[in-house]
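Have the structure open as you read.

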Amino acid sequence: MTVGSLLVADLVIAVLAAAGWLGGGASATRGRRLALGLAVFALLATIARAITITALARAGWWFAAEKILIAAPLSLAAVVVAGPRLLRAPADIRSVAVPLLFAGYAASGALLVTVLHGYPASAGVGLLAVAGVVAATAVSWQALGARQSRTMSRAALVVAVAALVTGTGLTAAPNAAPAVPHDHGLGDARTVGEPTRRFTLTAGTATVRVSGRDIAAWAFNAQVPGPELTATVGDVLEVTLRNRDIARGVTLHWHGYDVPNGQDGVPGVTQAAVRPGQEFVYRFRADQAGTYWYHTHAVSDVGVRMGLYGVLVVRPAPVTGVEVTVPVHTLAGLPLPTSKVEPVEAGAPVRLRLINTDSTTHRYALSGAPFRVAAIDGSDLRGPTPLVDTAVLIPAGGRYDLVFTAPAAPVALFVDGRPVYSTGPVSAATGAWPVLDPLTYGVSLPAPWSRFDREFTLVLDRGLDLHGLLPRYAHTVNGAADPDIPPQVVRRGDVVRFTIVNRSLVVHPWHLHGHHVLVLSRNGRPPTGSPLWLDSFDVRPGDVWGVAFLADNPGMWANHCHNLAHADAGMTLHLMYG
Ligand code: C2O
Ligand code: CU
């Protein structure tokens with residue numbers, strides 16, 4: 001069983017246990033049979049939970065911390081209080097109503113801690129849970145009018161209030177996150193030399209036609225995707241961004257391109273958003289070859305979804321073979337690009353530059369020719385071997401370059417089963433193909449580092465965020481949401497290791513700006529294939545990734561989930577050079 005499915009199983013069992021206890025307690029005043037049945041069911045679920053919690057703890061403390069510190073003691077109390085009373089199988093089942101309800105409140109309180117708070121468990125949250133359980137029990141006691149209830153329930157209410165006050169005090173302790181300073185003057189555009197490639201991108205609302213439908217989009221130069229920007233290594237790019245009428249502002253972020261900080265295009269961090277009528281000039285030298293993309297980073301979830309993105313390709317030298325870029329996107333529910341057929345002469349070398357500009361993973365399958373994955377996220381792989389009938393999964397923001405020699409018969413590329421590019425008529429069922437694991441593909445090299453100057457751990461989860469104007473159910477990192485997540489502070493020259501743990505139930509495609517990270521391990525196992533230098537990687541539920549990078553690009557960098565809805569809902573922090 002994967003850790004991801006354990007997380008789901010544990011949650012389901014916790015819900016069943018809580019429902020069983022509460023149901024047992026509520027029905028005790030009515031029928032003996034039903035109440036007993038539900039209580040026994042809850043007891044069994046609670047025992048099963050001991051197993052899932054132990055298994056999660058073995059996978060990593062992050063997955064089980066609050067379950068062991070808060071849920072386990074509460075469940076134990078529930079069993080100790082309700083269990084023996086049940087065993088005595090009282091003729092008057094009503095006498096166990098309050099103990100059963102207590103068990104139900106304890107199980108629900110623990111469940112709420114997991115769902116609303118998660119990691120890390122704190123004394124304050126524990127006390128709040130206890131306060132809730134004791135208060136609810138006291139109220140039930142009064143309501144059901146059990147004997148000796150008066151003094152007991154009063155005492156319980158006093159305990160609840162004390163726990164509530166202490167717990168609130170502890171959880172409301174001042175937050176440690178220092179404010180993110182703005183407008184660093186790093187990476188001055190004028191110092192890189194005279195531009196050799198000039199582009200102008202004008203952002204504006206536009207109507208674009210997709211599959212015969214008119215779509216209201218936000219577009220660069222009235223097209224979705226925006227113009228493809230190409231350069232050769234050594235070029236100096238100068239890109240003038242103008243905003244015609246995007247009221248919420250635009251910027252250009254060069255996704256995966258490790259530009260100087262001032263060119264990174266993150267509003268409020270490296271520049272102010274470009275408002276309607278304004279412009280901003282980006283200038284940087286193209287010294288990394290590969291497949292990249294650009295997109296707005298102002299209200300990025302909406303902005304990118306509405307169409308403010310395009311391709312950036314930097315080639316090592318003029319190309320000889322056939323090159324096709326495939327930026328996959330979903331615009332107003334319609335998939336892009338639409339299918340295109342282009343015959344290629346047999347024997348020609350072909351490079352497909354696959355880009356995922358959506359917020360969720362896509363599955364790509366190339367049929368009709370053996371191919372190699374030449375590069376991932378702009379970095380060439382070492383010793384890629386030919387693959388046949390194998391699919392690749394590209395995370396949100398990620399890029400794969402597939403290369404092959406055109407055979408005489410047609411080839412076709414499918415994205416999630418839909419043909420997007422082919423050299424002739426092909427039909428293929430690619431759904432059952434195995435998926436490539438890039439961690440086992442190609443030829444390995446020893447890691448360049450074995451010592452790390454800094455180490456960070458990011459535990460990804462969901463939780464209630466009460467720091468803003470309105471409470472929200474945020475996507476959190478170490479229990480906090482943007483802007484309250486403390487930045488990771490490094491010094492120039494540091495070798496930095498960070499561990500990313502996903503204890504939530506959804507995939508988080510992780511993306512650090514300004515640096516490529518080297519994969520050190522996934523779920524405790526080092527890669528056996530080519531070194532992987534990534535800027536976008538899927539951290540699936542239950543995954544623990546170890547990655548490292550050299551801090552060689554000073555500034556203030558966004559470090560976030562590239563499911564941009566998650567990034568907007570709190571899952572963004574910053575890497576800062578101190
Ligand atoms: Cu492509 Cu900060 O993102
Ligand atoms: Cu995410």
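Ring pairs join F220, W254, Y257, F280, Y282, F284, Y292 and Y294 into a cluster. Keep in mind that this is a predicted model. Searching the whole structure turns up 12 aromatic pairs, and a couple of them are picked out below.

**Aromatic pairs**

- Take F498 and F549: their ring centres are 6.0 Å apart and the planes sit at 80 degrees, so this pair counts as edge-to-face.
- F498 belongs to strand β23 (residues 495-502) and F549 to strand β28 (residues 544-550), so the pair ties together parts that are 51 residues apart in sequence.
- Both F498 and F549 are buried.
- For F537 and W545, the ring centres are 5.0 Å apart with the planes at 35 degrees, so that pair is tilted.
- Both F537 and W545 are buried as well.

**A charge over a ring**

- R497 has its charged end sitting over the ring of F452, 5.8 Å from the ring's centre.

**The nonpolar surface patch**

- Which helix gives the most to the nonpolar patch? That's helix α1 (residues 3-27), with 3 residues.
- V8 lies in helix α1.

Key. Residues numbered from 1 in each chain as written. Chains lettered and ligands numbered in written order. Predicted model: local features only at pLDDT ≥ 70, side-chain atom pairs only at ≥ 80, totals over all residues. Heavy atoms only, no water. Phe/Tyr/Trp six-rings, centres within 6.5 Å; stacked < 30°, edge-to-face > 60°. Helix = DSSP H or I, 4+ residues; strand = E, 2+ residues; numbered from the N terminus. Buried < 20%, exposed > 50% of the residue type's maximum accessible area, 1.4 Å probe, protein only. Lys NZ or Arg CZ within 6 Å of the ring centre and 35° of its normal.
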